Amino acid sequence: MNQAEKICWQVNVGLLAYSRACALQRHLVGARKAGAIPDVLLFCEHPHVITLGRNGKKQNLRASDRLLARMNVTFQETDRGGDITYHGPGQIVGYPILDLSEHRRDVRWYVQQLEETMIRATADFAVTAQRVHGRHGIWVGQPGSEEKLAALGVHLSRWVTSHGFAYNVATDLRYFDLIVPCGIAGKRATSLERLLDRAVRAEEVRPRLAAHFGELFERNMLQVSRADLEEKLSQHLQHALAPRPSEVLEFKGSLA
C-alpha cells in the first residue's frame with residue numbers, strides 16, 4: 001500500500017460486546033500510532049449496554065442494578081467524552097480510528113465532521129437533522145422539542161481518535177427510559193425507523209454513513225473483513241517485536 005494514498009479501512013465487525021470493542025480499539029490505536037495501518041472506520045452493534053463517559057454523572061442512570069440485570073443490560077464506565085448513553089441492537093455504532101495529524105489537529109472540527117457525516121446520511125432518507133448549540137450529536141424536530149437521533153463521544157491519544165458515534169436506526173427506544181439521555185433532562189431519543197414510519201435495516205444506512213465519512217475526511221473507503229483486520233493486527237504485534245519503522249502493512253481489497 002502506498003503510504004501517500006489516502007485510504008480508510010471500512011470494517012463491519014457485527015455484534016460485539018462493548019468491552020471487546022474497547023479492547024479492539026486499543027489495539028487499533030496502537031497500530032495506527034505505529035503507522036502500521038491506515039485510518040479505520042469500525043462499524044459494530046452492541047448487546048444492551050449503558051455506558052458512562054468520563055464527564056458523566058452516575059445519577060443520570062435511572063435504573064437499579066436489579067432492574068438492569070432483569071432486562072439483561074450491562075453497565076460500564078468508559079474513557080470517552082460525554083455523559084451517559086445506551087447502546088443496543090438496531091443501532092449503528094461507528095468507531096473511527098484516525099490520525100488527526102494527517103487531517104487537522106482540531107478536536108472541535110473533528111466532532112463537527114462526525115456530526116456532518118450523520119446529518120448528510122440522514123438527509124439521504126429525506127429527513128432533516130441538525131446540531132443543537134451546546135450539545136453534541138444530531139437532533140430532529142423543532143427548536144425546544146428536539147429529539148436525539150444520534151449520540152457522540154470521542155477520545156484522543158496523541159491525536160489518534162477512538163470511540164465515536166451511535167446512530168439509532170431501529171433501536172428499541174424504551175431502553176432510553178433507563179437513563180437521562182446524555183444527561184439532558186426532558187429530551188427523548190428517536191430512531192430513523194420511527195421518523196420514516198417503516199422498517200429500516202442497518203444495511204441501508206451503513207453504506208451511506210461510510211460514503212459521507214469518506215467524502216468529509218477525504219479518504220477512499222476500502223472494505224476490509226473482520227478476519228483480515230484481525231490478521232493485520234496480529235502481524236503488527238509480531239512486527240512490534242522487531243520494529244521496522246518504514247514498513248506499512250499491505251492489504252489488497254476493493255474500493256467501496
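1. The model is a predicted one, in which local features need pLDDT of at least 70 and side-chain atom pairs count only at pLDDT 80 or more, while totals for chains, interfaces and linings use all residues. Residues are numbered from 1 along each chain as its sequence is written, and side-chain values use heavy atoms, with hydrogens and water left out.

2. The chain holds 6 helices and 13 strands, these being DSSP runs numbered from the N terminus (helices H or I, at least four residues; strands E, at least two). Its C-alpha atoms fill a box of roughly 55 × 40 × 30 Å along the principal axes. The radius of gyration is 18 Å, which agrees with the value near 18 Å that a compact globule of 256 residues would have; the radius is taken over C-alpha atoms, and the globule rule is 2.2 Å times the number of residues to the power 0.38.

3. Of the 256 residues, 51% are buried, where buried means under 20% relative accessible area, exposed over 50% and partly exposed in between, with a 1.4 Å probe and protein chains only. Among contacts (heavy atoms within 4.5 Å) between residues at least 6 apart in sequence, 76% join residues at least 24 apart.

4. Strand β3 (residues 49–52) has V49 and T51 pointing one way and I50 and L52 the other way, and all are buried. Strand β4 (residues 74–77) runs parallel to β3 and is joined to it by 4 bridges, two strands being paired if DSSP finds at least two bridges between them; in β4, E77 is the bridge partner of L52. Between β3 and β4 the chain passes through helix α2 (residues 65–70), and this β-α-β crossover is right-handed, that is, with the strands pointing away from the viewer, the path from the first strand over the helix to the second runs clockwise.

5. Strand β5 (residues 84–87) also pairs with β3, in the antiparallel sense and over 4 bridges, with Y86 of β5 as the bridge partner of I50.

6. Helix α3 (residues 107–123) has 17 residues, which at 1.5 Å a residue should span 24 Å, and its end C-alpha atoms are 24 Å apart, in agreement; the expected span is 1.5 Å times one less than the number of residues. Because 12 of the 17 residues are buried, α3 is largely enclosed by the rest of the structure. Its buried residues, including W109, Y110 and M118, pack against elements among which are β9 (147–157), β10 (160–168) and α5 (202–217).
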